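Look at the model below and follow the text through its parts, one after another.

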Amino acid sequence: MHLFLAPECAPFAIAAMILIGLTVIEILSMLLGFSLSELIGKPHFDGHAGVLAGLLSWINIGGVPLLILIMLLLGMFAITGFAVQTVADSISAPLPAIVAALPATVLTIPLVRGSTRTIARLIPRDESYAVDTADFVGRTGTVTIGPLDQGLPGRVSVKDAYGNWHQLRASAAKGENPLPIGAKVLLVDRKADIFVAVSAPSDLMESGDKSSTEQPS
């Protein structure tokens with residue numbers, strides 16, 4: 001604990017505090033029915049060249065939402081920084097902050113690269129190269145972030161024709177009662193990137209389309 005409050009660890013403590021703040025904001029945004037990280041989106045560097053662009057591509061900067069990338073950078077920087085200072089303190093004394101920041105930064109880059117590649121495979125996709133978003137209209141799904149109403153959009157888990165799962169932003173149709181988490185819904189329209197949902201008719205759920213709402217184990 002003494003290292004956390006030490007001036008030599010100030011950059012890493014600040015990074016950790018900012019990370020905690022962003023995490024709280026992201027959790028609160030999800031409770032309100034949307035994800036701030038996905039609202040911000042992913043950074044794009046198409047058409048850029050040079051050493052910086054190559055480095056950004058190497059760490060897979062476009063593979064995850066920008067907010068997630070920032071959180072990873074802050075987290076890895078804080079962890080490696082405290083690790084460097086802990087080792088230095090066990091040997092002699094903590095290094096000056098600017099000196100400790102150098103190896104922490106060098107270690108952070110490959111760690112972030114590995115993390116973004118792993119997270120990119122786990123984050124549900126809103127789109128697929130084989131599926132047009134318009135193809136989801138008429139399919140059934142399950143509310144995963146909600147309830148869905150006419151306010152802020154929530155999330156609906158839907159399986160496409162190829163068996164891939166997608167987390168789609170959705171709101172309840174006008175006049176529809178709030179659709180709680182776990183409710184089976186039918187996507188009947190789309191406005192921009194937000195789908196319009198109604199409660200799925202029971203006869204539709206009993207048909208062969210029912211498999212599209214079964215969650216993966």
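Val 143 stands opposite Val 156 in S2. Strand S1 (residues 140–145) and strand S2 (residues 154–159) run antiparallel and pair over three bridges; two strands pair if DSSP finds at least two bridges between them. Helices (H or I, at least four residues) and strands (E, at least two) are DSSP runs, numbered from the N terminus. This is a predicted model, in which local features need pLDDT of at least 70, side-chain atom pairs count only at pLDDT 80 or more, and totals for chains, interfaces and linings use all residues. Residues are numbered from 1 along each chain as its sequence is written, and side-chain values use heavy atoms, with hydrogens and water left out.

S1 and S2 belong to a barrel that five strands close in the order S1-S2-S3-S5-S4, with mixed pairing.

Elsewhere, the largest nonpolar core has 19 residues. Such a core is a set of buried (under 20% relative accessible area, 1.4 Å probe, protein chains only) Ala, Val, Leu, Ile, Met, Phe, Trp, Tyr and Cys residues joined through side-chain atoms within 4.5 Å. Those with the most contacts inside this core include Phe 12, Leu 22 and Phe 77. H1, helix H4 (66–91) and helix H5 (97–122) each supply at least two residues of the core, and the largest share, nine residues, comes from H4. In soluble globular proteins, nonpolar side chains tend to be buried together.

Helix H1 (residues 10–31) also holds Ile 27.

Definitions and conventions
Buried means under 20% relative accessible area, exposed over 50%, partly exposed in between (1.4 Å probe, protein chains only).
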